[in-house]
Amino acid sequence: MLNNLIYFDNSATTKIDPAVLATYDAISNDYFGNPSSLHAVGTKANDMLQASRSQIAQLIGAEPDEIFFTSGGTEGDNWIIKGTAIEKREFGNHLITTAIEHPAVINTMKQLEKLGFRVTYLPVDKNGFIDPQMLANAITDQTILVSTMVVNNEIGAIQPIHEVAKVLADYPTIHFHVDAVQAVGKGLHDLIRDPRVDFATFSGHKFHAPRGTGFIYAKRGRKIAPLLTGGGQESDWRSGTENTPAIGAMAKALRLLLTNEDANVAQQAAVRKRILNHLQQYPDVTIFSPATNQFAPHILCFALPGVRGETIVHAFEDHDIYISTTSACSSKKGTESSTLKAMQVPERIATSAVRVSLDEHNTLAEADEFNRVFDILYKKFAKLRTTVTAAHSA
């Protein structure tokens, strides 16, 4: 049954690429030593590790000594935020982020608040964007970090990174961190690598690499305290024996991702447009990811008011089409989207929201099948839709 599935939940995780899996297996067999060991087997493994680091650095336009390996986006976000708080605590205790960040950022900030740090959560407008002027107004002489995602994982809104960078140009000592987990490989390299960006977070399983892989970019000259102390790996920044096979596989996955990036992005945008155009024919469907260049090419969030998001997800699953509620990390909790809540979307609509998220392998034929099934489900849910419409009118 799963062999013919249509997988539209790539923002939650992607399927590992067969070539990447082959690389993982090959490195596991041929480079099995500990990279920190002094003997020839360890040296061979370390050579592979450093080659992977150099390849990743080249691919994103960085230097090898600016790349540090992690277990994924959550660790990367935690490390940069907490590492900044620890490293710069003598210079200030104020951090700025947005109200629509991934839980890896929001919950890290909340933990730091319990430790005495002050955090400003910038609001967003009705479309999901922060106002750089509000950021400028929030900065104090105690501000040590500004952290914002490049692409929102729930609705795909692309934040004004260049404008934020212009604000921070006047504050060179403030660390500027971007969460690039949903942005890499989506034609947004100029945002991720804005010259003012000091730190960026990446997660391997979002681009067909093994789970449990990731890396951060840390601009040369910027410092954060380590979260993991021990044997001094990763230049004493992140201790723990490196997972050489997975890291090598991640480097391969990133290279494949960025090969023909423009064509891949165009493919995703075309699939997204086919679905969006179909949904827009229905006046009671609420679209949160409109067809503008301010939204990423691979995420489409919409709601069918009156029908719970999880009900829609399972209804599509019955037709072997796999989508999600707005965030896989919190979907099982059955709560409304944090992003839509920050956008002040009414709860009755926010709890009906679902997300389609694409990769370069999705096709227009899959979009057409999604649209066909949506028409069936729209009729099936007619009574629920009528009930909520009547209640709202009353």
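Some ground rules. The model is predicted, so local features need pLDDT of at least 70, side-chain atom pairs count only at pLDDT 80 or more, and totals for chains, interfaces and linings use all residues. Residues are numbered from 1 along each chain as its sequence is written, and side-chain values use heavy atoms, with hydrogens and water left out.

Confidence comes next. pLDDT is the predictor's confidence in each residue, from 0 to 100. The protein averages 94, and 94% of the residues score at least 70. One stretch to flag is residues 389-394. There pLDDT stays under 50, and the model has one contact beyond four places in sequence. Contact here means heavy atoms within 4.5 Å. Where pLDDT is low, the predicted coordinates should not be read in detail.

Now the seven-stranded sheet. Helices (H or I, at least four residues) and strands (E, at least two) are DSSP runs, numbered from the N terminus. Two strands pair if DSSP finds at least two bridges between them. This sheet is open, with mixed pairing, and its order is β2-β8-β7-β6-β5-β3-β4. At the edges sit β2 (67-70) and β4 (118-122), each pairing on one side only. On average, neighbouring strands are turned by 20° against each other, direction ignored. That angle is between axes, which are lines fitted to C-alpha atoms, for helices over the stretch in contact; angles run from 0 to 180 degrees between N-to-C directions.

Let's walk across part of it. β5 (residues 143-149) runs parallel to β6 (residues 175-179), with five bridges. S147 has H177 of β6 as its bridge partner. H177 in turn has F199 of β7 as a bridge partner. β6 and β7 are parallel too, joined by three bridges.

How many residues of β7 are buried? Five of its five, so "buried" needs its cut-off: under 20% relative accessible area, with exposed over 50% and partly exposed in between (1.4 Å probe, protein chains only). F199, T201 and S203 point one way from β7, while A200 and F202 point the other way.

F207 is buried, at a relative accessible area of 1%. Beyond four places in sequence, F207 has contacts including T14, V184, F215 and M250. I16 is 191 residues away along the chain, yet the two C-alpha atoms are separated by 7.9 Å.

The second residue is E242, in the loop between β8 and α8 (244-258). Among the contacts of E242 beyond four places in sequence are P35, L49 and I247.

Last, the other sheet. Three strands form an open antiparallel sheet, ordered β9-β10-β12. Its edge strands are β9 (286-287) and β12 (353-357). Helix α9 (residues 261-279) packs on this sheet, touching β9, β10 and β12, and its direction makes about 15° with that of β10. Two bridges join β9 to β10 (residues 299-303). I287 stands opposite F302 in β10.
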